[in-house]
Amino acid sequence: MRKPIIAGNWKMYKSFDEAVEFVEAVREAVPSEEKVDAVVCAPAIYLPTLVDIATETDLAIGAQNMHFEEEGAFTGEISPAQLASIHVDYVILGHSERRELFNETDEAVNKKVKAALAHGIVPIICCGETLEEREAGNTEAKVSGQIRAALEGFSADEVAHMVLAYEPIWAIGTGKTATADDANQVCGAIRDVVKELYGAETAEAIRIQYGGSVKPENIVELLSKEHIDGALVGGASLQVESYLKLLEAG
Ligand code: PEP
């Protein structure tokens, strides 16, 4: 049995005070980590404070991006070593907004995954198709290409501990959710790719989230599906009440 993982992606929302208030409100209320892995991926400048507030609770704090280099002349970037130095547990990599708006390539995502592992940070690796790709029948080809590129060059054990997130781009922040069956089918296809590359045991172990307008009203059905092991959630992770409801479904 794979343990569900529910990760909030706050994107570029919340003031510092709002972020602190949120984590103070949820840190004691999150279900035990034996039941569900609860993660909040916050804006980078809030991370040290939020990690501090969440210490010794069942809430984990994640970043939304990072550079793949250790250090150097990369103005405005944050390195994996820097994230590790403040004890960040997770990092979202290859989110479609990073790929589309900041030209992040499959190759860069692969380098970032390697860098995250080198620092003990669990990568949440995103993939997903545009509406045009879906309508052209290219969904599985697109996500399989992204996953193959991201997972190149690891051991089976390393891959087993990663998290993948299937996020159809047309469903992100739009209120449109893939049907639970469609989402499950694509997550199953992703698991097949992992099986082909790293074997059945790794494919059984790796957790695959669905993301795209997940909310308390639809998460139970999504999580009931065989291949959906959690959710990556934007909008509905911003309020304490709905975030806690999402965790309860896990
Ligand atoms: C996301 O940010 O990854 C996401 C899925 O957003 P939303 O839940 O708002 O669609």
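I began at the ligand, where one of its oxygen atoms is 2.9 Å from an N or O atom in the side chain of Lys 11. The model is a predicted one, and I read every value below as computed from it.

**Ligand site.** His 95 places a polar side-chain atom 2.8 Å from an oxygen atom of the ligand. I then checked how far the ligand is covered: alone it exposes 290 Å², and the protein buries 95% of that. I counted 14 residues around the ligand, with Lys 11, Glu 167, Gly 173, Ser 213 and Gly 234 as the closest. By class, the shell holds 8 polar, 4 nonpolar and 2 charged residues.

I went back to Lys 11 for its backbone. Lys 11 sits in the loop between strand E1 (5-9) and H1, and its phi is near 50°, a positive value in a residue other than glycine. I noted this since most residues other than glycine have a negative phi. His 87 also has a positive phi, near 65°; I found His 87 in the loop that runs between helix H3 (80-85) and strand E4 (90-93). Are these two residues buried or exposed? Lys 11 has a relative accessible area of 19%, so it counts as buried, the cut-off being under 20%. His 87, at 58%, counts as exposed.

**Helix H1.** I listed the buried residues of H1 (residues 16-26): Ala 19, Val 20, Phe 22, Val 23 and Val 26. They lie on the same side of H1, because their arc around the axis is only 160°. Residues three or four places apart in an α-helix point the same way, because there are 3.6 residues a turn. Which exposed residues does the face turned away from the buried side carry? I found Asp 17 and Glu 21 there. For the buried residues I looked up the packing partners, which are strand E2 (37-41), helix H2 (47-54), strand E3 (59-63) and helix H12 (240-249).

**Val 194.** I ended in helix H9 (residues 180-198), which contains Val 194. Its relative accessible area is 0%, so I logged Val 194 as buried. Leaving aside neighbours within four places in sequence, I found Val 194 in contact with Leu 151, Val 159, Leu 164, Gly 199, Thr 202, Ala 203 and Ile 206. Ile 206 is 12 residues from Val 194 in sequence, and their C-alpha atoms are 8.4 Å apart.

Note on methods. Residues numbered from 1 in each chain as written. Predicted model: local features only at pLDDT ≥ 70, side-chain atom pairs only at ≥ 80, totals over all residues. Heavy atoms only, no water. Buried < 20%, exposed > 50% of the residue type's maximum accessible area, 1.4 Å probe, protein only. Helix = DSSP H or I, 4+ residues; strand = E, 2+ residues; numbered from the N terminus. Arc of directions from axis to C-beta. Contact = heavy atoms within 4.5 Å. Near = heavy atom within 4 Å. Polar contact = N/O pair within 3.5 Å; in protein donor to acceptor, adjacent residues only side chain to side chain. Areas by Shrake-Rupley, 256 points an atom, 1.4 Å probe, with all protein chains shown as cover. Nonpolar A, V, L, I, M, F, W, Y, C, P; charged D, E, K, R; others polar.
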